[in-house]
Amino acid sequence: MTLLTHPAEVEAMLADLALAARRSPDAYLASARTTLLNILARPDLLDRTRLVAPPEGLGRNLLFGTRALSVWAMVWSPGAVTPVHDHHCSCCFGLLSGSLRETWYRPISDTHAVATLDVVRSPGYVACMMPSGPNLHRIANDGPEAAISIHVYGYDHRAQASSVHRTYEVAAG
Ligand SMILES: [Fe+2]
């Protein structure tokens, strides 16, 4: 929680998000999107020097959380990649720096999926999705620089380990 450097503004964002989450799914997603855009537009808000940034893989940094949602800064080292996965909760993310390749998949069973779309995301990109899916994707940093993304998830970080519902093996298209 101390990685964000303007507590009053952060508290206001969190309060708005929590209120919107109680109003409706659409209001929540709109608020999550606004929160991400605000964080991406304000580089001073996040103390990047204190982020966990491993030499390999993904560094997960909790920025704030409630019973309804959690906000994370993810630091992707070059070569970091998630499994193909879907989500048990709403999932919004915005790219702060670097580039990330997002590949979307169509499930063909409970265990396998085929790729349908492959896009490189640039800083400023923001997307939101609900768990009403199927919303299967994989995110990879296949560029030469570390990338930082901000995620707003609709889960309580104290109750669940991550937003991932299920992971999939890639099947040949
Ligand atoms: Fe995801």
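## Close-up views of a predicted model

**View 1. Surroundings of His 87.** Beyond its neighbours within four places in sequence, His 87 makes contact with Pro 131, Asn 135, Ser 163, Val 164 and His 165. The structure shown is a predicted model. His 87 belongs to strand S3. This histidine counts as buried because 22 C-beta neighbours lie inside 10 Å.

**View 2. Surroundings of His 85.** Strand S3, which covers residues 84-87, also holds His 85. Once neighbours within four places in sequence are set aside, the contacts of His 85 are Leu 136, Val 164, Arg 166 and Thr 167. His 85 has 20 C-beta neighbours inside 10 Å and therefore counts as buried; the cut-off for a buried residue is 20 or more.

**View 3. The annotated histidines.** In the unreviewed UniProt entry, the annotation "binding site" covers His 85, His 87 and His 137. These residues are spread over 53 residues of sequence, yet they cluster in space, with a largest C-alpha distance of 9.5 Å.

**View 4. The open sheet containing strand S9.** Five strands form an open sheet in the order S1-S2-S9-S4-S7, and their pairing is antiparallel. Its edges are strand S1 (58-65) and strand S7 (126-129), each of which pairs on one side only. On average, neighbouring strands of this sheet are turned by 20° against each other, direction ignored. Strands of a sheet pair through backbone hydrogen bonds, in either a parallel or an antiparallel manner.

**View 5. Strand S9 and its two partners.** Strand S9 spans residues 147-153 and is mostly covered, with 6 of its 7 residues buried. In the strand order of the sheet, S9 stands between S2 and S4. Strand S2 (residues 70-76) runs antiparallel to S9 and is joined to it by 7 bridges. Within this pairing, Ser 149 of S9 is the bridge partner of Met 74. Strand S4 (residues 91-97) is likewise antiparallel to S9, with 6 bridges between them. Here Cys 92 has Val 152 of S9 as its bridge partner, and Gly 94 stands opposite Ile 150 of S9. In a regular strand, side chains alternate between the two faces of the sheet.

**View 6. Helix H2 against the sheet.** Helix H2 (residues 25-41) lies across S4, S7 and S9 and runs at about 10° to S4. The helix has 17 residues and reaches 24 Å from its first C-alpha to its last, close to the 24 Å expected at 1.5 Å a residue. Its buried residues are Tyr 28, Ser 31, Ala 32, Thr 35, Leu 36, Ile 39 and Leu 40. The cover over these buried residues includes helix H1 (7-23) together with S4, S7 and S9.

**View 7. The whole chain, for orientation.** The protein comprises 2 helices and 10 strands, arranged from the N terminus as α-α-β-β-β-β-β-β-β-β-β-β. The C-alpha trace spans about 50 × 40 × 25 Å along its principal axes. The radius of gyration is 16 Å, which agrees with the value near 16 Å for a compact globule of 173 residues. Buried residues account for 31% of the 173 residues. Of the contacts between residues at least 6 apart in sequence, 73% join residues at least 24 apart.

Conventions. Residues are numbered from 1 along each chain as its sequence is written. This is a predicted model: local features need pLDDT of at least 70, side-chain atom pairs count only at pLDDT 80 or more; totals for chains, interfaces and linings use all residues. A residue is buried if 20 or more other C-beta atoms lie within 10 Å of its own, exposed if 12 or fewer, and partly exposed in between; C-beta atoms are placed from the backbone. Helices (H or I, at least four residues) and strands (E, at least two) are DSSP runs, numbered from the N terminus. Two strands pair if DSSP finds at least two bridges between them. Axes are lines fitted to C-alpha atoms, for helices over the stretch in contact, and angles run from 0 to 180 degrees between N-to-C directions. Two residues are in contact if their C-beta atoms, placed from the backbone, lie within 7 Å. The radius of gyration is taken over C-alpha atoms; the globule rule is 2.2 Å times the number of residues to the power 0.38. The expected span of a helix is 1.5 Å times one less than its number of residues. UniProt positions are given in the numbering used here, feature names are shortened, and annotations may be inferred rather than shown by experiment.
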